[in-house]
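Please consult the sequence and the model alongside the text.

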Amino acid sequence: MRSRTLLTLFILSLSILVPALTTAEMKNQPTNNLRLAIAFRETASREPIDGRVLLLLSKDNSKEPRFQINEDLNTQQVFGIDVEGLKPGQQAIIDGSSFGYPLRSLSDVQPGEYWVQAL
């Protein structure tokens, strides 16, 4: 039960502390080098957390990116990595080696402007 509570806390509190690139920089950066660092603050949990970190990208700002992932042609993009013992302030890195849907790799994402969310 404790791990489920921590997971819920993790999902609600995780944020991108310092994006590696701004939207304007993403337009000029080759996507095969794109790398984003995601971390959570100590106010969310003082204990290390195990689980899955998700990075969601959307070209549509009508609602949160996490509500736009589905199994149709309008789905937006999601990438994820597993973490074990991720400490407050420690970075979880999403890059070209991170598995994604519907595109397999962050390297396949076309340059452009995206709404970004981390869970």
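Predicted model: local features only at pLDDT ≥ 70, side-chain atom pairs only at ≥ 80, totals over all residues.

Strands are DSSP runs of E with at least two residues, helices are runs of H or I with at least four, and both are numbered from the N terminus; two strands pair if DSSP finds at least two bridges between them.

Strand 2 pairs with strand 3 in the antiparallel sense over eight bridges. One of the residues involved is Leu54, whose bridge partner in strand 3 is Gly80. Strand 2 also pairs with strand 6, again in the antiparallel sense, over four bridges. Here Leu55 has Ala118 of strand 6 as its bridge partner, and Leu57 has Val116.

## Basis of the values

Residues are numbered from 1 along each chain as its sequence is written, and side-chain values use heavy atoms, with hydrogens and water left out. Local features need pLDDT of at least 70 and side-chain atom pairs count only at pLDDT 80 or more, whereas totals for chains, interfaces and linings use all residues.

## Overall composition

The protein contains two helices and six strands. Read from the N terminus, the elements follow the order α-α-β-β-β-β-β-β.

Of the 119 residues in the protein, 36% are buried; buried denotes a relative accessible area under 20%, exposed over 50%, and partly exposed in between (1.4 Å probe, protein chains only). The protein exposes about 7400 Å², of which carbon and sulfur atoms supply 50%. Accessible areas come from the Shrake-Rupley method with a 1.4 Å probe, and for residues only the protein chains shown count as cover. Among contacts (heavy atoms within 4.5 Å) with a separation of 6 or more, 69% are between residues 24 or more positions apart.

## Salt bridges

How many salt bridges does a search of the whole structure find? There are three, where a salt bridge is a side-chain nitrogen of Lys or Arg within 4 Å of a carboxyl oxygen of Asp or Glu. Arg52 and Asp82 meet at 3.0 Å, N to O. This pair links distant parts of the chain: Arg52 belongs to strand 2 (residues 49-58) and Asp82 to strand 3 (residues 77-86), 30 residues apart. Arg52 is partly exposed at 36% relative accessible area, whereas Asp82 is exposed at 60%.

The side chains of Glu64 and Arg66 form another salt bridge, at 2.6 Å, N to O. Glu64 is partly exposed at 32%, and Arg66 is partly exposed at 35%. In the salt bridge between Arg46 and Glu42, the N to O distance is 3.8 Å. Arg46 is exposed, with a relative accessible area of 67%, while Glu42 is partly exposed at 48%.

## Two buried serines

Ser58 lies in strand 2 and is buried, with a relative accessible area of 0%. Its side chain reaches the backbone oxygen of Asp60 at 2.9 Å. A polar contact of 3.5 Å also joins the side chains of Ser58 and Gln76. A polar contact is a pair of N or O atoms within 3.5 Å; within protein, one must be able to donate a hydrogen and the other to accept it, and residues adjacent in sequence count only if both atoms are side-chain atoms. Leaving aside residues up to four places away in sequence, Ser58 touches Pro65, Gln68, Gln76, Glu113, Tyr114 and Trp115.

Ser45 is located in the loop between strand 1 (36-38) and strand 2. Ser45 is buried at 6% relative accessibility, and a polar atom of its side chain lies 3.0 Å from the backbone oxygen of Glu47.

## A cis peptide bond

Most peptide bonds are trans. The bond from Tyr101 to Pro102, however, is cis, with omega near 0°. Pro102 is placed in the loop between strand 5 and strand 6.
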